[in-house]
Amino acid sequence: LAPAYIYAREPDAKIRSNVRWIAFFLLLGALAIASLTTVVGPALITSLLGATYAGAANVLLLHTWLCVFLFLDAPLQQYLVSTHRQHWCTWKVFCTLLVNVLLNLWLVPSHGASGAALATVLATGLVTMSFYALVPATRDLARLQLDVLRLLAYEAWLPLMRRATPL
């Protein structure tokens with residue numbers, strides 16, 4: 001699906017619009033998956049693996065929230081490839097790796113496996129949300145990210161809040 005919309009032979013504004021909407025819907029899906037896993041994950045671990053593995057629920061929950069950042073970033077990385085800037089994907093992975101190692105050195109000694117999972121989520125989130133803004137050649141993608149977050153606020157979150165709040 002994505003190649004038809006990201007690699008389309010259309011004006012750049014149309015392609016950016018496609019990427020924005022793809023990222024928006026992937027982000028909604030990721031939030032749904034992460035939220036559902038947060039609610040049912042601990043019970044699922046216990047019922048499938050037994051009480052012995054109940055401690056794994058924290059690691060599962062933390063790793064599940066990775067999908068929010070990965071789903072948001074997937075169409076943006078495809079857009080980088082389609083605009084011949086794929087070398088920035090490598091730099092982004094390298095930065096994520098570096099931040100992850102540093103956070104692991106800090107968090108694993110005191111928090112064990114949960115610290116490692118938290119380090120991975122934090123590293124991925126920090127780099128995903130800051131890399132494009134910090135690199136001048138990719139700032140257009142930072143604007144796309146902000147557009148997706150605005151869409152999330154105005155198209156998904158605010159209408160739910162209006163319905164939940166009595167006037």
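Is Arg 85 buried or exposed in this predicted model? At 15% relative accessibility, Arg 85 counts as buried, where buried means under 20% relative accessible area, exposed over 50% and partly exposed in between (1.4 Å probe, protein chains only). Residues are numbered from 1 along each chain as its sequence is written, and side-chain values use heavy atoms, with hydrogens and water left out. Because the model is predicted, local features need pLDDT of at least 70 and side-chain atom pairs count only at pLDDT 80 or more, whereas totals for chains, interfaces and linings use all residues.

**View A. Salt bridge between Arg 85 and Asp 140.** The two side chains meet at 2.9 Å, N to O, a salt bridge being a side-chain nitrogen of Lys or Arg within 4 Å of a carboxyl oxygen of Asp or Glu; by this rule the count comes to four salt bridges.

**View B. Salt bridge between Asp 73 and Lys 92.** The closest N and O atoms of this pair are 2.7 Å apart. Asp 73 lies in helix 4 (residues 66–82) and Lys 92 in helix 5 (residues 87–134), so the pair ties together parts that are 19 residues apart in sequence; helices are DSSP runs (H or I, at least four residues) numbered from the N terminus. Asp 73 is buried, with a relative accessible area of 3%, and Lys 92 is buried as well, at 6%.

**View C. Salt-bridge network of Arg 20, Asp 147 and Arg 150.** Asp 147 belongs to helix 6 (residues 139–164) and Arg 20 to helix 2 (residues 12–49), so the contact ties together parts that are 127 residues apart in sequence. Asp 147 counts as partly exposed, at 21% relative accessibility.

Technical notes
Helix = DSSP H or I, 4+ residues; strand = E, 2+ residues; numbered from the N terminus.
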